[in-house]
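This briefing is intended for a reader who is meeting the structure for the first time. Please keep the sequence and the model at hand while reading.

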Amino acid sequence: MINPMPTSCPNDTNPVHASAAVLAELDAGLRAGTACISPKFLYDALGSRLFEAICELPEYYPTRTEASIFARHGPEMARAIGPGATLIDLGAGNCAKAAGLFPLLHPAQYVAIDISFDFLRESIERLQQRFPHIEMTGLGLDFSTELQLPAVVRQEHRLFFYPGSSIGNFTPDQASAFLRRIRAQCDGGGGLLIGIDLVKDSAILDAAYDDAIGVTAAFNLNLLRHVNHLAGADFDVRQWRHSGVYNALEGRIEMHLEAREALVVRWRGGTRSFARGERIHTENSYKYQPAAAVGLLEQSGFQATRVWTDAAGWFAVIHARAIAQ
């Protein structure tokens, strides 16, 4: 059965629905010395569909590389995890990655969590038709700052599923804090199956985040349209350009939106002038060495039990058990 349980989340397209906390977060970011907007605001319904398109691009290696790891090592993962898990899919999107594991993991319950609940609802309804024997729950939830699961989510054998290298959107300190919040939601038999992007040649990284036909640019620019709806802002998308480059010193991809000309932006409760070339920082994507990835998990309350990579060593999928506390 489907138990759709939307909670307040910042992807509502009607400005009156944006919470005071969301408006305060956007206001603080736009007023900062270097303006910034959290990457979670990339994922309204249109943004989620644009990200689906990005995953099909030849330049965007993470999706197909991670998929090859699941295809080759899925049975090993299933043996390590065991059947009957409560599979909690963080940032579920179209639910396709988790659905690919259903025949191997045989979960007792599937809990799909995404900030864009309208997109999630459509995905989980389609999925329930394919797997009517699995109990399914959809949660519209911003899990980037807190993670409190409702009573409908089974406590037994929780497996948090966080694929696609989304952990890279956090700084290492933020990532550790986030993983600790996940650990707090695990029982003694709980665990984590996570995808982590690894360090590689900068030319490969730059192409993946600034593709030739401009889908990633559209994805990034759509954030401004979303902020217009949320905060009553007056961003003109035509006045901005996308930038996505690898910062080797920080070990991360950085995405920015750059003003094409001097301009003024207004939003509910605020205004800011931008000079030509001034940027809004919209996303980081940190890349890890394998040992650093394992270390991040261990300092956050998990013990890495298995690490699977592709042949080129571009990407890792790690199963980790919650350490008893």
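The points below are grouped by topic, beginning with a helix pair and ending with selected residues.

The structure is a predicted model. Helix H2 and helix H8 pack with their axes 9 Å apart, and the rings of the model form 15 aromatic pairs.

**Helices H2 and H8**

- Helix H2 covers residues 45-54 and helix H8 covers residues 215-231; the two pack at an angle of about 170°.
- Because angles over 145 degrees count as roughly antiparallel, H2 is described as roughly antiparallel to H8.
- On the H2 side, the contact is made by Leu46, Gly47, Leu50, Phe51, Ala53 and Ile54.
- On the H8 side, the contributing residues are Val215, Thr216, Ala218, Phe219, Asn222 and Arg225.
- Sorted by class, the contact of H2 with H8 comprises eight nonpolar, three polar and one charged residues.

**Helix H8 on its own**

- H8 has 17 residues and spans 25 Å from its first C-alpha to its last, close to the 24 Å expected at 1.5 Å a residue.
- H8 is mostly covered, with 14 of its 17 residues buried.
- Gly232 follows H8 and has a positive phi, near 65°.

**Aromatic rings**

- A pair of aromatic rings is described by the distance of the centres and the angle of the planes.
- The model holds 15 aromatic pairs. In one of them, the ring centres of Phe102 and Tyr110 are 5.1 Å apart and the planes meet at 70°, so this pair is edge-to-face.
- Both Phe102 and Tyr110 are buried.
- Phe143 and Tyr162 also form an edge-to-face pair, with 6.0 Å from centre to centre and 85° between the planes.
- This second pair links distant parts of the chain: Phe143 lies in the loop between strand S4 (135-140) and strand S5 (158-162), while Tyr162 lies in strand S5, 19 residues apart.
- Phe143 and Tyr162 are both buried.
- One aromatic cluster is formed by Tyr43, Phe51, Tyr60, Tyr209 and Phe219. Two of these residues, Phe51 of H2 and Phe219 of H8, also take part in the contact of the two helices.

- Most residues other than glycine have a negative phi.
- His157 has a positive phi, near 50°. His157 lies in the loop between S4 and S5 and is partly exposed, with a relative accessible area of 21%.
- Ser165 likewise has a positive phi, about 70°, although it is not a glycine. Ser165 lies in the loop between S5 and helix H6 (172-184) and counts as buried at 5% relative accessibility.

**Asp187 and its surroundings**

- Asp187 lies in the loop between H6 and strand S6 (191-197) and counts as partly exposed at 24% relative accessibility.
- Asp187 and His157 are 30 residues apart in sequence, and their C-alpha atoms are 7.0 Å apart in space.
- Leaving out residues up to four places away in sequence, Asp187 touches Gln155, Glu156, His157, Arg158 and Ala322.

- Tyr246 is in strand S7, which covers residues 240-247.
- Tyr246 has a relative accessibility of 17% and therefore counts as buried, the cut-off for buried being under 20%.
- Tyr246 and Asp201 are 45 residues apart in sequence and 9.6 Å apart in space, C-alpha to C-alpha.
- Apart from neighbours within four places in sequence, Tyr246 is in contact with Val199, Ser202, Leu205, Asp206, Gly251, Arg252, Ile253 and Lys287.

- Leu23 lies in helix H1 (residues 20-31) and is partly exposed, with a relative accessible area of 24%.
- Not counting residues up to four places away in sequence, Leu23 touches Ala18, Leu230, Ala231 and Arg268.
- Leu23 and Leu139 are 116 residues apart in sequence and 22 Å apart in space, C-alpha to C-alpha.
- Glu135 lies in strand S4 and is partly exposed, with a relative accessible area of 23%.
- Glu135 and Lys200 are 65 residues apart in sequence, and their C-alpha atoms are 40 Å apart in space.

Key:
Residues are numbered from 1 along each chain as its sequence is written. This is a predicted model: local features need pLDDT of at least 70, side-chain atom pairs count only at pLDDT 80 or more; totals for chains, interfaces and linings use all residues. Side-chain values use heavy atoms; hydrogens and water are left out. Axes are lines fitted to C-alpha atoms, for helices over the stretch in contact, and angles run from 0 to 180 degrees between N-to-C directions. Helices (H or I, at least four residues) and strands (E, at least two) are DSSP runs, numbered from the N terminus. Angles under 35 degrees count as roughly parallel, over 145 as roughly antiparallel, 65 to 115 as roughly perpendicular and the rest as oblique. Contact means heavy atoms within 4.5 Å. Ala, Val, Leu, Ile, Met, Phe, Trp, Tyr, Cys and Pro count as nonpolar, Asp, Glu, Lys and Arg as charged, and the others, Gly among them, as polar. Rings of Phe, Tyr and Trp (its six-membered ring) pair if their centres lie within 6.5 Å; planes under 30 degrees apart count as stacked, over 60 as edge-to-face and the rest as tilted. Buried means under 20% relative accessible area, exposed over 50%, partly exposed in between (1.4 Å probe, protein chains only). The expected span of a helix is 1.5 Å times one less than its number of residues.
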